[in-house]
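Thanks for asking me to look this one over.

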Amino acid sequence: MTHPRSERPNIVFILTDDHAAHAIGCYGSQVNQTPHLDRLAAAGARLDACFCTNAICSPSRASILSGTYSHVNGVTSIYSQIDYRVPNFPQALRESGYRTALFGKWHLGEQEPHLPRPEDFDAWQVFPGQGEYFDPEMITADGTTRVPGYATDIVTDLSLDWLDQQSGAEPFCLMIHHKAPHRPWQPHPKHRDLYPVGSIPEPATLFDDYETRSDAARAATMKIADDLPDHDLRVAMPPELAGEENREERTRWFYQHYLREYLQTVQSVDDNVGRVLDYLDDHGLVDNTIVVYTSDQGFFLGDHGWYDKRFIYEESLRMPFLVRWPGRISPGTTVDEIITNVDFAATFLDACGLKPGDVLPTGQGRSALPLLEGERPDDWPRSLYYRYWEHDDPNHHAWAHYGVRTATHKLIYFYADGLGTDGSSDRVFPPAWELYDLVADPNELTNIADDPAAAEIRAELERELARLQERYEDVPHATSPPG
Ligand SMILES: [Ca+2]
């Protein structure tokens, strides 16, 4: 069957949860294979400096939809509610004649009765909260239902079924929002022999001792050797690995076991991306459909001895972003300019022939379409602003911070003084700065914030941080140093 061709492009937006770029083949993964994602990348563009602006689930989703920072859309943490007065790009597309649908993870407040659901879409079916991997409960416009099967397959089935029902000439925007590969990892049984324990290469920073860091890194309870909850793994740690003297062996044991689960869960995502690409091939939809694959943020794959995300450090900051649009984006394109999740909405609206400033007046991003098409605008931003608000949460104890990243450096300020939001701690911590030279020290192991040789670049980045906070109208924390 061939779908009618619309004048404007369709969008298929595939979003996963916590899929780090360094677990994707075309990004140089050392730990797994993702043939279908690689196939998507080869046919279009791979963004190599795509970053989130707040590395946690709900906030990134709100920024993607609305093209705004957390302090504008209200979703500073997973506990906060989106401000539905802030418009989002699927609404704007729908108002301009697009058919819209969203299946899978929403996680913007739908888990409580009477809270908003994705009702601005023509069709939707979502998990409550994080959702479940097997036989998941799902919320529909008519109530809740339990759907037999595996979540990643189900979300794809719902998406392709919806495409099957579309026969008009209007363009569509289909958002396929997988819950995978979020913890606790539960792979599909057919993948349970992949990446066996003992076979997975270790990251260079697995045994990071945080020697030059602020106390924030030491305080975070995201260490695979100490903090990974039992329910995240299929097997319990052997008791002989307990104790400080067995720390190295224990770290290695946890690394192999947890990354196995993670990578197996990713494999189903890759399979299902392949199903979507095959569907588009089989239905004459390739030429006029923009296909995007991204994840709400990255993830520590044992990097720095951690799992989870939250920090502005590279592994969690970086988002994979692959996009195919035949005729507009040349196969094999790579983009090095800094693009953030706040830019996505403007990019999609621009690609669909709408003026982002007109239909999304609250948007703070900029269309990256020229970059995808191989142009290099002279005035493209050379830095990004980041802010993690969920201060000292009871499970991970990551401190609130903000920072700026350029192509060569990153400045971070942990303003943790006990005034965090949304159920966070009232414990008091010393504020702290970190500065990294990303060229000399890409793994961010040496904090040079107090190195006299770095004083000039630090001062420059402090000015840039203040400029970005003013530009985005975020309010620096009260304990920020003056100036
Ligand atoms: Ca996430």
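1. **Ground rules.** This is a predicted model, in which local features need pLDDT of at least 70 and side-chain atom pairs count only at pLDDT 80 or more, while totals for chains, interfaces and linings use all residues. Residues are numbered from 1 along each chain as its sequence is written, and side-chain values use heavy atoms, with hydrogens and water left out.

2. **Overall size.** Along the principal axes, the C-alpha atoms fill a box of roughly 60 × 55 × 45 Å.

3. **Make-up and contacts.** The protein chain holds 12 helices and 16 strands; these are DSSP runs numbered from the N terminus, with helices (H or I) of at least four residues and strands (E) of at least two. Contact means heavy atoms within 4.5 Å. Taking contacts between residues at least 6 apart in sequence, 70% join residues at least 24 apart.

4. Of the 483 residues, 61% count as buried, where buried means under 20% relative accessible area, exposed over 50%, and partly exposed in between (1.4 Å probe, protein chains only). The chain exposes about 18,100 Å², and carbon and sulfur atoms supply 50% of that; the areas come from the Shrake-Rupley method with a 1.4 Å probe, and for residues only the protein chains shown count as cover. The 41 positive and 76 negative charges have mean positions 2 Å apart. Lys and Arg count as positive and Asp and Glu as negative, without His and the chain ends, and each charge is placed at NZ of Lys, CZ of Arg, CG of Asp or CD of Glu.

5. **The calcium site.** Which residues coordinate the calcium ion? The donors are Asp17 (OD), Asp18 (OD), Cys57 (SG), Asp296 (OD), Asp296 (OD), Gln297 (OE1) and Gln297 (NE2), at 2.2 to 2.9 Å. Donors here are N, O and S atoms within 2.8 Å of the metal (3.2 Å for Na, K and Ca); water is not among the atoms, so sites may look incomplete. Along the sequence, the donor residues follow the spacing D-D-x38-C-x238-D-Q.

6. **The aspartate pair.** Aspartate 17 is buried, because its relative accessible area is 0%, and aspartate 18 is buried with a value of 0%. Aspartate 18 sits in the loop between β1 and α1 (35–42) and has a positive phi of about 75 degrees although it is not a glycine. Most residues other than glycine have a negative phi, and most peptide bonds are trans.

7. **Helix α2.** Glycine 67 follows α2 and has a positive phi, near 65 degrees.

8. Histidine 177 lies in strand β8 (residues 172–177) and is buried because its relative accessibility is 3%. Beyond its neighbours within four places in sequence, histidine 177 is in contact with residues including Phe13, Arg61 and Lys105. Arginine 99 belongs to strand β4 (residues 99–105), and at 13% relative accessibility arginine 99 counts as buried. Not counting residues up to four places away in sequence, arginine 99 touches a set including Asp122, Trp162 and Glu170.

9. Look here for two cis peptide bonds: alanine 180 to proline 181, with omega near -5 degrees, and arginine 183 to proline 184, with omega about -15 degrees. Proline 181 lies in the loop between β8 and α6 (215–219), and proline 184 is in the loop between β8 and α6. Tyrosine 195 is placed in the loop between β8 and α6 too. Tyrosine 195 has a positive phi of about 50 degrees without being a glycine, and is buried at 10% relative accessible area.
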